[in-house]
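Colleague: I am new to this structure and would like to learn how to read it. Could you walk me through it?

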Amino acid sequence: METHSLLFSASKMAKRYPGTTALNAVELEVRPGEIVGLVGENGAGKSTLLKLIMGIEQPTEGAMAMRGEAYAPRTPIEANGMGVGMVFQEQSLIQNLTVGQNVFFGLEASYVRCGFLDKRRMYEDTRKILGEIGIDYIRPDKKVSNLDFATRQMVEIAKVFSVVTRRNAGGNLILLDEPTSVLNRSEVDNLFDNMRRMAAGGNSVIFVSHRLDEVLDVSDRIYVFKDGRNAALLDRKDANEAILYEKMVGKTVSGEYYKEDRQAVPGDEVLLEARNLGRRGFFGGVNLKLRRGEVVGVCGSIGSGKEDLCAVVCGDESYTAGELVVKGRVERFASPRQALKAGVLSIPKERREEGIIAEAPIYENIAMSNFRAFRRFGCVSARLERENARRRVDELSIRTPGINQSVGFLSGGNAQKVVFARILSSDADVLVLNHPTRGVDVGAKEEIYSLIRDITASGKGMILLGDTLDECIGLASRIIVMKDGLVTREFDAPAGAKPEQLEIVKYMV
Amino acid sequence: MDKQGYSSPIAREFAQEMARRNRIERIVGLAPVAILAFLVIVLSLVADGFFSLYNMQSVLSQLSIPLVMSMGLTFVILLGGTDLSGEGLGGFVGSIVVLMVLNTRTNLDWGLWAAVIGVAAGLMVGTISGFIHVYGKMPSFIVTYAMASVMAGFAVLSYRGQPAMSKYEFFITLARGRFLGIPYLTWTALVIFAISYVLQEHTRFGSYVFAIGDNERVAKNTGININRIKILVFAWSGLCIGVAGVLGAIRIGRGEVVIGTGTVFPAITAVVVGGTPLTGGKGGVVHSLIGALIVTVINNGLILLGVNTYYQAAIQGIIIITAVALSVRRGRKVVTK
């Protein structure tokens, strides 16, 4: 094997979405038989790069090469054909088919005789493939729905492995996106053995994980991404967790950007309190107090339980342990509607699907969380709705031709401001902001930060899941850090004495 | 890290929760068999004459049409769709078949070819429904419901309002004859069941149907021609309806649109009660066989107990709502992690 030749390379890769740049001038090189680790904060561009490599999305700029030839897949199928496969974070196995049917899913052609599937031969070959990656204890004729999560993960890997190795015995590239989040230690070890075995066979692996110890354990070289750019490239022998942390996080952006001088001093009244709150299998033992005028930031990586905590607080899921107290009353919300009645309202993460009614005009969207306030003679009065909408559009400087405009036509930032207008028009005083600046351009971001300061100054409290760690630190007056479903640390973050990102990341990974 | 090697107690809880749900799922999956056994035992005790050879043969005979129809519907429902064309299409096929054998209205005497043509007509109409559903991007329930109406119209037009009576000897033999104590009609239905089982388990088509119902995007990303599979499913369902129409004509010996009347609902009930949820992706033809037995046994039992037919319809409605409600509850427990 030539040591200098590359299996895969990507150069000057960029991906821009309207208003945001997810990836900028990124370089990545993978040698044959190598395991490359890829680390970075949420939003650093790891997932975007994987999508480009798999052909799920197309790069705005840049070029890739596979085995020295130009490589520009337009679909995952094309990528598979070139020997590139990916194990997705959400599993893609068909639950009610057997292991063997899944491994050869879409590739059954060579097992069809007179229209019938020769299952026995297919299962024999499945057994071989499972054997190659050391998991031949799994029976090929077992239904996937009867397997536990870790075993499914292994089958998923076997499937991807069989897909990419169809054309070439060696020299394939396998992408693993956060494969270890639900595995226990021995399962992780098994996975790593498999990765090393694949690498020994001349295949290469790109391993994405937020668990630095695991990345350090298995990778030959480690790429660190930050804000959609390369931040560092380290050999394993030169790397340790401290160095990786340092490269992953940046300097905290100046307080001015986040209007830190306007950060409210929390009042005394506790709006919301979580006492030993838990949801079985997702998070547990969360204690948290939210006061008037306070922003509590919740930090953690994917799978840390922060999203689930957020879902419980805004009534989307129920809790199984502890209690949730809102304004002195123990609450057990059965729906977001009940949460709203108690004064808890969320700005959801997926704005298009959960935050706005794209077809409806601005004025209706703004009134939606509080139709009661716009009633006259028992019916909703469009005039009152419009008056309110006009006022809010001015107040929040929403750029729109008029209040009759459908929200779907607004830019991300302006659509998000409509969501804020809706929240301001409700009576809720506990707001759960789930990635409030996602997909919003820089200018509008600043306006939203300013808005958040105004809202807290008026005495409302907020639980914030920041789009970036930096944002969370900048906006929050207190920060709780979660890892594997538990709170690992709490920080005070008063204006002028914010904790460093590095401090916080330590407790996240 | 704890004894079992989980990085946190929450991760262990998650794994336990998954295992628990899997166990529940497996137990609930056996529920239809338990319900069938329970029904048979209870009816044997309370309904006079239920557990007799004569009545068992009658149950098997009543089973044939719902079973055949549910075989086609199973695949449609596995996809997450539905096929309501059975009432009209079954009636149409039954009507034209009688017009093509030796009968009181026409001079045709094509014998068994009439049945072949009838089944082919069902296949063709099913294919057309599939095309409209897939390429017209219209929900399958409305396409097939409209198709039922169209075909019911054609059925009446085919015999111009006056149904033909069959004088075909072989049909009479089929309607009354038995082999190994099981009526010929039921044998026909069992053959359709066997074919369905082979389709489901031993062809690519079967795997793809499950895949599309479970996760259409994965199926698409794997490069499967989803539209083709969907159209084939509706074609197969049309074929089954065609067979059911022929069986209906043989049974009543008259070519009339009412052959299809009231056949779709028991078939859908059979599929759902058997354990194929309306959202698709799991279940299958073996489940539907159990479901068809449950539906038939209940109807038979209600008749033996002398329950008013209007109550019977109401009970069937309650059964399907209960079955759907249970399957939805099961579906909601999906782990989204």
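Modeller: Gladly, and let us begin with a term. A nonpolar core is a set of buried Ala, Val, Leu, Ile, Met, Phe, Trp, Tyr and Cys residues joined through C-beta atoms within 7 Å. A residue is buried if 20 or more other C-beta atoms, placed from the backbone, lie within 10 Å of its own, exposed if 12 or fewer, and partly exposed in between. This is a predicted model, where local features need pLDDT of at least 70 and side-chain atom pairs count only at pLDDT 80 or more, while totals for chains, interfaces and linings use all residues. Residues are numbered from 1 along each chain as its sequence is written, and chains are lettered from A and ligands numbered from 1 in the order in which they are written.

Colleague: Which residues have the most contacts inside the largest nonpolar core?

Modeller: In general, nonpolar side chains tend to be buried together in soluble globular proteins. Here the largest core has 237 residues, and those with the most contacts inside it are Ile206(A), Phe207(A), Val418(A), Leu464(A), Val68(B), Val97(B) and Cys240(B). Helix H11 (residues 226-252) of chain B gives this core its largest share, 15 residues; helices (H or I, at least four residues) and strands (E, at least two) are DSSP runs, numbered from the N terminus.

Colleague: What does Cys240(B) touch?

Modeller: A contact means that two C-beta atoms, placed from the backbone, lie within 7 Å. Leaving out residues up to four places away in sequence, Cys240(B) touches Val68(B), Met69(B), Met71(B), Gly72(B) and Ile192(B).

Colleague: How many residues of each chain meet at the interface?

Modeller: Chain B brings 32 residues into contact with 32 residues of chain A. On the chain B side, H1(B) gives the most, with ten residues.

Colleague: And how many helices and strands does chain A have?

Modeller: Chain A has 17 helices and 24 strands. Its C-alpha trace spans about 75 × 55 × 45 Å along the principal axes, and buried residues make up 51% of its 509 residues.

Colleague: Where is the pLDDT of chain B below 50?

Modeller: pLDDT is the predictor's confidence in each residue, from 0 to 100. Where it is low, the predicted coordinates should not be read in detail. Chain B averages 89, with 95% of the residues scoring at least 70. The pLDDT is below 50 over residues 330-337 of chain B, a stretch with six contacts in the model beyond near neighbours in sequence. For the complex, the predictor gives an ipTM of 0.81 and a pTM of 0.82.
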